[in-house]
Amino acid sequence: MPNLEAPEQQEDGQDLVLPSRHRRAIATVVFRAKAEQRERTQDHAPLSGRLYLALNHIRVVIGRLIEEEAAHGRAILFAPIYMGLGAIFWFTLASDPPPQTILVGFLLLTGGFLFRRESGQLVRHLLFAGMLISLGMALAQLESWRASTIMLDSAVTTTVTGRVERRETYDNGRWRYVVKVEATEKPSVHRPPERVTIFVRKQAEPFNLGDRIQGRARLTPPAGPALPRLNDFAFSSYFNGIGANGFAYGALTLLSPSGDAAENSLLDKADIWLAGLRNSIGDRIRRTLPGDVGAFAAALVTDERRAISDDTTEALRVAGLTHIIAISGLNMALSAGIFYVGLRYLFSLFPGLVQAWPTKKIAAFGALVTVTAYYLISGFGVSAERAFIMMAIMLVAVLLDRPSISLRNVALSAIVILVLSPSQVLGPSFQMSYAATLALVSGYTLWKRRRHRESILSRSKFLSPLLFVSRFFGGILSTSFIGGASTAIFSIEYFHRLATYGLAANLAAMPIVSFIVMPFGMVAMLLMPFGLDGPFWKVTGEGLELVILVAKTVAGWGGDITFGRQPAWLMPTFIAGFLIMSVLRTRLRHLGFVLLLATIGAAAFGSGVQKPDLMISEDGALVALRQDGILATNRERPQTFIFEQWQKALVAAEHQPPTILPADSRLPQISKKQRRRRLSADEQKAVRKAMGEALDQTMQGSFACQKGAWCVAMLENGTILVTIENAAYLPPACDTANIVVTAIRLRLDRCRSGAMLFTGATLRRSGSVEMDLRGDIPIVSTAFENPQRPWTRHRTYDWRTGTFGAPIGSRPSPASDNGE
């Protein structure tokens, strides 16, 4: 066959120009010849060869799609993904990697990316990804160094002296203060944290910001995970600069008012002034609108959410409306949009002004000033910071004549946040906010691509109002559905619950928020300096009452589904599929949808996470047994903060309190001062006998307790568990039980009888514990294997040597003994 692909050339070297019909005929002949050759090759090729050809064809197709994606110039969309992946990798490592290794890796990968321009698209993208992953790790390391928060190593009752930096009120009259610690005494803490939060139960007049105060307080380290793989609150406390939490004994004393703080820097004074302005705004709103309505309105402005009652907060959560009270993208978008649209409408009343000046950019600049002021009085919360950065980038895009709603703007805002505080990437607030934003912007982009055809109904003057209303509610319906669907898996993973009627609640509440609450609230804020804000706050309050009514009505329908802990692979695979579907533009995005369906299907039909039989809190005070959806505890009133997390993670709603045994005169009477005395042989025998009788009198899987002394329980497999509140009972407990738990910090880490022993010292290092006792050998899982990260190292601190890495059985500090 002649070579039809190469054009014949004339003797002078010029290409022969053929008519178009001849070129099409030649191309058809060549195509048919190649197709026949491929068919003959496939017919005579073995199965392995056919498979190779098929895989090679798939590789070619995917390669073309990747080249098409690269041609769209969307590499910036992957930048925050890779930076966040590097930060997550650094934060989840068992120990800090050498900074030199991160720096060398970043430099090598950056050099390869810059100088290997002749490499293929795949190689350059891999170098690009490696460079940004190493950059994310470096940023995480820098943030950890920048925070350097001193975490309290153990609970202590001490006298605290410091200055008030923040304050927040609760619905029950309590006040929460963030105090910058200046000194501790009686006893003096060896490693005092720089900042602590102190709760004051009853106080008629709150302290002002900058006041120097003093008082007796019980301080505890920030809580770790309630169970392995649950949220570690110490992580966020470390990067927020909070080293301890506590409560005051009685009233705190004012040593000097804020005006005497002459040593404060100009930045500190500005911060105190802003915080004072924020508090005064919140107080004024709550005086104008008492009750939950005022607390709700103040939360929309100042982000003080703790003043809202628990009943209303729970109703908003069950109805899927908690995003309203958080200063997030919704609040920023509404405030900027209302100001932007209102100002442009005002300019439109003056045609000459519109023709002479760029009113669109003036309105955008005014909206930028508005959201900046909103952010300054919002208390610099995480969600408010993220929403402000995102909205500021969009408004700046309007000033620069760029599209305001685009995936690039979302990526730029994520890059800014990851540079400033990469630790946010592990928080549910960051993940849920960007998941919803990414889904909405991607949906908006797809909606813009479709062809819009003007229908006959849209040209009708009589039906245009009806079409406007239908489009408005259709927009709310679609945005609520997209936002709810994109954040559902995050709600299940972090909060173990899902509001199934959130769509209906948002459909009813969002028009009220958009047309009543936010517009009148903004006018009230603008008129507040002139004292004319009262009537507008009243209208805002009426709207918020309707929102609360919607929340409580929808919450009354039920529909709040509780989920247990999900498999560890669920979140990474879901996020990967979600990002592929949202970020890519070609047909490759359909692979993300397939991955999402496969992930959800595997989670729905899989066996899920194995539930433990025994749970121990990190302080050893609370122990629970799980059986058929019931949690039996050794406390009549278990600590709510821990127990509610256990109930949600294990899908166990019912609580079974212990059986309190009557006082037994045969038992030794041991006071708290005698808690370390050694029992005689007869006393130990009497205790063992009493424990055996208690086991005979109680059901399997439940506790029987001698108040203030010990509790016993027997599991279905015959395992005996004993918890003790006094170290004197340790020998008979070890002789009786297979598992012994005590909150006391003992030198021992095992029983002489071979029984498993969990003490305050061992739990201090390991964190909370869960056990699976169905097999021959108990499977023990702990929250921490080796707490060596900056936010967990305080668990290994030895007060006697002033070093980290204290042995498990070390004695507690004298400060720690106080009040225990």
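Two strands are said to pair if DSSP finds at least two bridges between them. Helices (H or I, at least four residues) and strands (E, at least two) are DSSP runs, numbered from the N terminus. The structure is a predicted model, in which local features need pLDDT of at least 70 and side-chain atom pairs count only at pLDDT 80 or more, while totals for chains, interfaces and linings use all residues. Residues are numbered from 1 along each chain as its sequence is written, and side-chain values use heavy atoms, with hydrogens and water left out.

**The chain as a whole**

- The protein chain contains 26 helices and 22 strands.
- Of its 820 residues, 46% are buried; buried means under 20% relative accessible area, exposed over 50%, and partly exposed in between, with a 1.4 Å probe and protein chains only.
- Among contacts (heavy atoms within 4.5 Å) with a separation of 6 or more, 66% link residues 24 or more positions apart.

**The sheet from E13 to E18**

- Six strands form an open sheet with mixed pairing, in the order E13-E14-E15-E16-E17-E18.
- Strand E13 (659-660) and strand E18 (756-758) each have a single partner strand, so one side of each has no neighbour in the sheet.
- Strands of a sheet pair through backbone hydrogen bonds, in a parallel or an antiparallel manner.
- Strand E16 (residues 720-724) and strand E17 (residues 739-742) run parallel and are joined by four bridges.
- Within this pair, Ile724 of E16 stands opposite Thr742 in E17.
- Helix H23 (residues 681-697) lies across strand E14 (703-706), E15 and E16, and runs at about 45° to E15; such angles run from 0 to 180 degrees between N-to-C directions, and the axes are lines fitted to C-alpha atoms, for helices over the stretch in contact.

**Val712 in this sheet**

- Val712 belongs to strand E15 (residues 710-714).
- Why does Val712 count as buried? Val712 is buried because its relative accessible area is 0%.
- Not counting residues up to four places away in sequence, Val712 touches several residues, including Met691, Leu695, Phe703 and Val722.
- A distance of 9.4 Å separates the C-alpha atoms of Val712 and Val740, which are 28 residues apart along the chain.

**The sheet from E12 to E20**

- Another open sheet has six strands in the order E12-E11-E10-E9-E19-E20, again with mixed pairing.
- Its edge strands, E12 (654-656) and E20 (779-782), each pair on one side only.
- On average, neighbouring strands of this sheet are turned by 25° against each other, direction ignored.
- Strand E9 (residues 614-616) pairs with strand E10 (residues 623-627) in the antiparallel sense over three bridges, and Ile616 stands opposite Val623 in E10.
- Helix H22 (residues 640-650) packs on the sheet and touches E9, E10, strand E11 (630-633) and E12; the direction of H22 makes about 150° with that of E11.

- Glu143 is located in helix H5 (residues 121-147).
- Glu143 is buried yet has no salt bridge, and the nearest side chain of opposite charge, Arg146, is 4.6 Å away; a salt bridge is a side-chain nitrogen of Lys or Arg within 4 Å of a carboxyl oxygen of Asp or Glu.
- A polar atom of the Glu143 side chain lies 2.8 Å from the backbone nitrogen of Ser423.
- Ser582 is found in helix H20 (residues 570-583) and counts as buried because its relative accessibility is 8%.
- A polar atom of the Ser582 side chain lies 2.8 Å from the backbone oxygen of Phe578.
- Beyond its neighbours within four places in sequence, Ser582 is in contact with Leu407, Leu438 and Ser442.

Conventions
Lys and Arg count as positive and Asp and Glu as negative; His and the chain ends are not counted. A polar contact is a pair of N or O atoms within 3.5 Å; within protein, one must be able to donate a hydrogen and the other to accept it, and residues adjacent in sequence count only if both atoms are side-chain atoms.
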